[in-house]
Amino acid sequence: MNTLTNKELVNLTPHPIIIVKDNGSIVQITPSGMVVRLRTSPQEKLPGFDYHGVNIDVVTPQDFLDTIDWPSDLSNTTTSVIVSMPVGQLINKLHKRGRKLPYVCYGPDSGPDSVIRDAKGGIRGVKRLVRYN
C-alpha cells in the first residue's frame, strides 16, 4: 500500500471527499481550491414549455469535448489527483486510447456498493475511490 501526503494527492473537485471506513472512521480529503473541468460544446436554446403558468427554458445537452482544462498551478510534487466522475470517465477513455497523464487519477465511487447515504438520501460519503488510469 502506498502512502500519499496532501501535497502528493490533490482534490481537484469543489467538494470535500468523505471516505467512510468499515470501522466507522472517516477520512476527509479537502478541496484544494483548484478545479479541473472538461470543455463543452455550446448549447442551443430549444422551444420551452409552460408548466402551471411558468415558462420552462429548454436547451440541447452539453457535449463534453476530449479536452481537459488542468489547473496551471498544480505542484510538481503532485502525483495523484481526485477528479469528478465526468472528468474521470474521459481520463479513462483517453487512457484506453494510450494517452498517458502525469498523475494517477481517482474519484469517489458513488456506485450502490460504495455510497453511504443519510436518512434523506443525500450522499454522506463513499467507502472507496475509483482509479481511472
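Of the 133 residues in the protein chain of this predicted model, 30% count as buried, a term meaning under 20% relative accessible area, with exposed set at over 50% and partly exposed in between (1.4 Å probe, protein chains only). Because the model is predicted, local features need pLDDT of at least 70 and side-chain atom pairs count only at pLDDT 80 or more, while totals for chains, interfaces and linings use all residues. Residues are numbered from 1 along each chain as its sequence is written, and side-chain values use heavy atoms, with hydrogens and water left out.

The protein chain contains one helix and twelve strands; here helices (H or I, at least four residues) and strands (E, at least two) are DSSP runs numbered from the N terminus. Read from the N terminus, the order is β-β-β-β-β-β-β-β-α-β-β-β-β. The radius of gyration of the protein chain is 18 Å, whereas a compact globule of 133 residues would have one near 14 Å; the value is taken over C-alpha atoms, and the globule rule is 2.2 Å times the number of residues to the power 0.38. Along the principal axes, the C-alpha atoms fill a box of roughly 55 × 40 × 25 Å.

The largest nonpolar core has 16 residues, and Leu12, Ile68, Val83 and Ile91 have the most contacts inside it. Helix H1 (residues 85-96) supplies the largest share of this core, four residues. A second, separate core of seven residues includes Leu9, Ile19, Ile29 and Tyr106. Such a core is a set of buried Ala, Val, Leu, Ile, Met, Phe, Trp, Tyr and Cys residues joined through side-chain atoms within 4.5 Å.

Leu38 lies in strand E4 (residues 37-40) and counts as buried because its relative accessibility is 13%. The C-alpha atoms of Leu38 and Ile68 are separated by 4.8 Å, although the two are 30 residues apart along the chain. Asp109 is placed in the loop between strand E9 (104-108) and strand E10 (115-117). With a relative accessible area of 15%, Asp109 is also buried.

| Residue | Residues in contact (heavy atoms within 4.5 Å) |
|---|---|
| Leu38 | Phe64, Thr67, Ile68, Pro86, Val87 and Leu90 |
| Ile68 | Val36, Arg37, Leu38, Leu90, Ile91 and Leu94 |
| Asp109 | Ser114, Val115, Val126, Arg128, Leu129 and Val130 |

Among contacts in the protein chain between residues at least 6 apart in sequence, 54% join residues at least 24 apart.

Definitions and conventions. Contact means heavy atoms within 4.5 Å. Lists of a residue's contacts leave out its neighbours within four places in sequence.
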